[in-house]
Structures are given as structure tokens and as C-alpha cells.
Amino acid sequence: MKFFLAPMQGLTGYTVRNAFHHHFDYIDKYYTPFIPAAKRMNTKIKIDIDPINNDGITLIPQAMSIVADEVIDLHRQLVPYGYDEINVNLGCPSCTVVSKKRGSGILAYPDMLDSFLDELYTKADFPVSIKTRVGFNDDELWPRLIEIYSKYPISELTVHPRVQKDFYKNIPNLEAFGEALAISKNPVCYNGDIF
């Protein structure tokens, strides 16, 4: 079994990653807090992802976008720092994010999700992993979402088995996660409530 440290905006920067790496050497991979792909990386982000500040850590930058060209452009900005993979966050439940149909906001629009992923995986010449939830208001669309994800060469599908409106409350839907394990054609990773 492998353990990955999921990001929390404003909390899990390189200082926390280094502390975890020093005290808990069993963490195999870390993710950055999401980087808004529509903008150029600012100094704070550049310092956070600098390999000097992440020595000995496997770090995956996480993009916040539903525009394929933004993700491609962010990847171009990350290559000089030595990163060759991006994780796209389709799981963030924040109202300011979902109001723009980003994060888990796109899960209410399966056709839009499919178009985004089609363009992204057509253009990307690097590994792209996805973080998702099992739906927006409920998990009715979850089988359709898994079907969409299975069409693409997702390097890893991280599933937080809650819907957007749950935020981080309620019990994770392990049945929905089990569906992902059974149906997904991509490697699947569990996220949420690991203590």
C-alpha cells in the first residue's frame, strides 16, 4: 500500500511537506495545493515547488482548471522545475471554485467534463492524473462520470467518495468508491478520512 499526502490550500506548502518527510518517511508522494492554471505562477508558488525546497520528496503539482490549454501552459511553466506530471483537481468543493464550474463544479455537467478531458488528453504529451468526487448534489451521475473517466489514459484517478455539497462532512460513500474500483479502467486511489 502507498500513502500520498493530499493538499490543503494554505497549509501544506513545502515547510509542512518537509516536516512530514522528516518525521513520517512512509509517505510516497505529495501533491501541491492547487495552482490556478489560468494565471502565471507567482513567486510564492515558484518557491513552494522549487526542487531545492522539496529535496527527496516526490511532488506532483495540482492544477485548478477546466480549460485544456491552461493545463498545457501550466505544464510548460513547470517543466523547467523538473516536473513532468500534473494532477487536475476536479474535486475541490469550495463555493468560489464551483461557481466557475471548476473543481467539483464541473461534475454537474458531464458533457462539458467529457469535452475538457477529450481536448486535454488529445493535447497533453505528459501524464495527467485526476482528483474527483462522486458527484455534485448526489451520486446519481457517478456511473456516467466513471464511464467518462475510463475513456481517457488517466495516470491515476483519485476518488474522494463524497459529493460537492458534503464538503468534508458525512460519511464517505465507500460503495461509490467500490464502483470506481470495479468499473474504472484507470488506476484508482482513495482520498478522504484517513487518520
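Predicted model: local features only at pLDDT ≥ 70, side-chain atom pairs only at ≥ 80, totals over all residues.
Helix H5 (residues 110-123) packs against helix H6 (residues 142-149) at about 15 degrees, with the axes 10 Å apart; helices here are DSSP runs of H or I with at least four residues, and the axes are lines fitted to C-alpha atoms over the stretch in contact, with angles from 0 to 180 degrees between N-to-C directions.

I noted which residues meet, contact being heavy atoms within 4.5 Å: Pro110, Asp111, Leu113, Asp114 and Leu117 in H5 touch Arg144, Leu145, Ile148 and Tyr149 in H6. By class, this contact has six nonpolar, no polar and three charged residues, where Asp, Glu, Lys and Arg count as charged, Ala, Val, Leu, Ile, Met, Phe, Trp, Tyr, Cys and Pro as nonpolar, and the others, Gly among them, as polar.

I then turned to Arg102, in the loop between helix H4 (95-98) and H5. Arg102 is buried at a relative accessible area of 17% (buried is under 20%, exposed over 50%, partly exposed in between, with a 1.4 Å probe and protein chains only). Leaving aside neighbours within four places in sequence, I found Arg102 in contact with Met64, Ser65, Ile66, Glu70 and Val97.

For my records, residues are numbered from 1 along each chain as its sequence is written. Local features need pLDDT of at least 70 and side-chain atom pairs count only at pLDDT 80 or more, while totals for chains, interfaces and linings use all residues, and side-chain values use heavy atoms, with hydrogens and water left out.

How values were computed. Helix = DSSP H or I, 4+ residues; strand = E, 2+ residues; numbered from the N terminus.
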